[in-house]
Amino acid sequence: MTDHIVSSYDVELDTLRSKIAEMGGIAEKMLGDATIALVRRDAALAQAVIAVDERLDALQHDVEERAVLTIAKRQPMAVDLREIVSAIRVAGDIERVGDLAKNTAKRVVAISNEMQPQKIVGGVQHMSDLVQAQLKDVLDAYAQKDTARALDVWQRDDRIDALYTSIFRELLTYMMEDPRNISFCTHLLFLAKNIERIGDHTTNIAETIHYLVTGKPLAAERPKSDDSSFTTVPVSGRQ
Amino acid sequence: MTTMPNIELAKATVAEVADEAATKVVAREVNVYYADKHALHDVSIDIPEKAVTAFIGPSGCGKSTFLRCINRMNDTISICRVSGRIEIDGSDIYDRNLDPVQLRAKVGMVFQKPNPFPKSIYENVAYGPRIHGLTSSKADLDEVVTMSLKRAGLYEEVKDRLASPGTGLSGGQQQRLCIARAIAVNPEVILMDEPCSALDPIATAKIEELIDELRENYTIVIVTHSMQQAARVSQRTAFFHLGKLVEEGPTEQIFTAPQDKRTQDYITGRFG
């Protein structure tokens with residue numbers, strides 16, 4: 001896109017974009033590290049994830065302040081207005097991603113001494129891999145203003161929802177098998193929910209990208225496969 | 001939805017389009033020449049009744065030229081030639097039998113710089129109704145003057161000094177006096193050519209508030225260089241560039257998601 005007549009306006013918008021890119025990088029690493037920490041039961045790495053969230057919060061604050069200042073100074077119109085509003089929204093979503101990754105890391109710390117069979121965390125790890133790919137794609141789509149890629153992320157979240165439902169069932173089964181699994185599995189369940197919520201934030205960002213580029217909201221209803229709200233596992237021996 | 005000056009619409013008979021109750025002014029393929037200079041190219045637009053339509057665009061884009069076509073102000077410029085059709089309520093305003101003076105009573109105008117007559121506040125407003133013979137008695141005229149000043153939001157500020165010169169008022173008050181003068185002859189359309197460009201932000205806010213009130217009773221067309229003003233006061237916006245109407249549509253769409261790249265570049269400050 002052509003530059004503004006006032007070049008400092010372009011500098012302000014570029015700064016917003018680069019701050020968001022930095023936030024995205026941090027959030028991706030937080031989720032990645034939290035997952036590694038889970039697989040390895042690595043409390044130190046989990047603590048590092050918890051600590052870095054502060055930086056993400058500060059960046060979000062910075063993005064919001066800069067956006068508000070730019071609105072006040074430039075009274076942006078059309079694509080510029082959408083860019084700034086989108087920056088505020090996306091920064092909010094990434095900040096929430098950070099919070100959820102942080103909570104994931106906290107739970108990793110809580111269960112770091114429990115040595116349950118590795119297959120129990122396998123499903124969550126797989127889901128996290130999918131969500132990490134979603135997050136990377138949606139952040140790239142944002143940087144490149146690529147609506148097709150954003151739409152792809154938006155539609156793909158369906159798979160994460162479906163996986164979450166199956167993890168929910170699986171963990172319930174483990175808990176029923178052996179009550180000593182309950183504490184671990186409950187943490188794991190919350191952890192899986194956190195990651196599933198991160199997936200939801202990636203779809204929010206995808207919707208924002210669509211608005212940013214086209215000026216219109218993404219109208220259609222997103223496909224959803226999170227059936228965990230309706231899921232129960234029958235206990236044998238009872239009616 | 002955008003109504004770009006589209007060929008299908010231009011082909012429709014003027015009468016058909018004018019039949020729509022909400023349309024006050026219909027322009028079709030209006031061209032304006034100043035001697036050899038082709039200032040306005042094929043402008044076709046429908047201006048809705050009792051709403052504010054804003055014309056925006058860089059200096060020299062033709063927006064004021066087009067505005068001045070709507071009350072035949074361009075007739076006063078000898079080298080100016082207008083072709084095409086402009087109708088108000090279905091009647092051709094360029095009809096040879098139409099008296100431009102009557103037209104201008106129906107289509108009032110407010111200019112960039114407040115231009116009150118060097119007369120009293122009262123006389124400024126009373127002048128129009130008097131020459132058009134709109135009132136039958138002094139009491140009647142007093143009533144019109146009071147009503148017009150009230151509608152222009154100026155009455156409370158000047159009611160004790162109606163005999164003082166209009167030129168003694170502040171810039172914003174003078175502009176509201178000019179609006180009172182324009183509405184005193186009971187117009188249907190009010191054209192405003194950058195009415196706030198010489199005013200401070202407070203006076204501007206008062207005029208904008210007034211425009212918002214006036215649109216209940218009048219069709220308003222405003223030329224403005226302030227994009228924010230257009231966004232605040234108008235319901236529809238038309239963007240002119242290099243003598244052409246580039247894009248016209250609901251104001252919120254023009255300022256959030258314009259369809260044409262030239263509109264986008266202009267309103268976001270990418271060219272001037």
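Buried means under 20% relative accessible area, exposed over 50%, and partly exposed in between, with a 1.4 Å probe and protein chains only. By this rule, 49% of the 239 residues of chain A count as buried. The structure is a predicted model, in which local features need pLDDT of at least 70 and side-chain atom pairs count only at pLDDT 80 or more, while totals for chains, interfaces and linings use all residues. Residues are numbered from 1 along each chain as its sequence is written, chains are lettered from A and ligands numbered from 1 in the order in which they are written, and side-chain values use heavy atoms, with hydrogens and water left out.

Chain A has six helices and zero strands. Helices (H or I, at least four residues) and strands (E, at least two) are DSSP runs, numbered from the N terminus. The pattern along the sequence is α-α-α-α-α-α. The C-alpha trace of chain A spans about 75 × 40 × 20 Å along its principal axes. Contact means heavy atoms within 4.5 Å. Among the contacts in chain A with a separation of 6 or more, 85% come from residues 24 or more positions apart.

Helix H2 of chain A covers residues 43–74. Its 32 residues reach 47 Å from first C-alpha to last, close to the expected 46 Å. The expected span is 1.5 Å times one less than the number of residues. Buried residues of H2(A) include Ala46(A), Val49(A), Ile50(A), Asp53(A) and Leu56(A). An α-helix has 3.6 residues a turn, so residues three or four places apart point the same way. Helix H1 (7–40) and helix H3 (78–111) of chain A are among what covers the buried residues of H2(A).

Both ends of H2(A) show local detail. At the start, a side-chain oxygen of Asp42(A) comes to within 3.2 Å of the backbone nitrogen of Ala44(A). Just after H2(A) comes Gln75(A), with a positive phi of about 45 degrees. Gln75(A) belongs to the loop between H2 and H3 of chain A. With a relative accessible area of 42%, Gln75(A) is partly exposed. Most residues other than glycine have a negative phi. Arg72(B) also has a positive phi, near 60 degrees. Arg72(B) sits in the loop between helix H3 (63–69) and strand E4 (80–88) of chain B. Its relative accessibility is 11%, so Arg72(B) counts as buried.

Two further residues are buried. Gly199(A) is part of helix H6 (residues 182–214) of chain A. Its relative accessibility is 0%, so Gly199(A) counts as buried. Beyond its neighbours within four places in sequence, Gly199(A) is in contact with Val131(A), Gln134(A) and Asp157(A). Gly199(A) and Asp157(A) are 42 residues apart in sequence, yet 6.4 Å apart in space, C-alpha to C-alpha. Thr219(B) belongs to strand E8 (residues 219–223) of chain B. At 1% relative accessibility, Thr219(B) is buried.

Note on methods
Polar contact = N/O pair within 3.5 Å; in protein donor to acceptor, adjacent residues only side chain to side chain.
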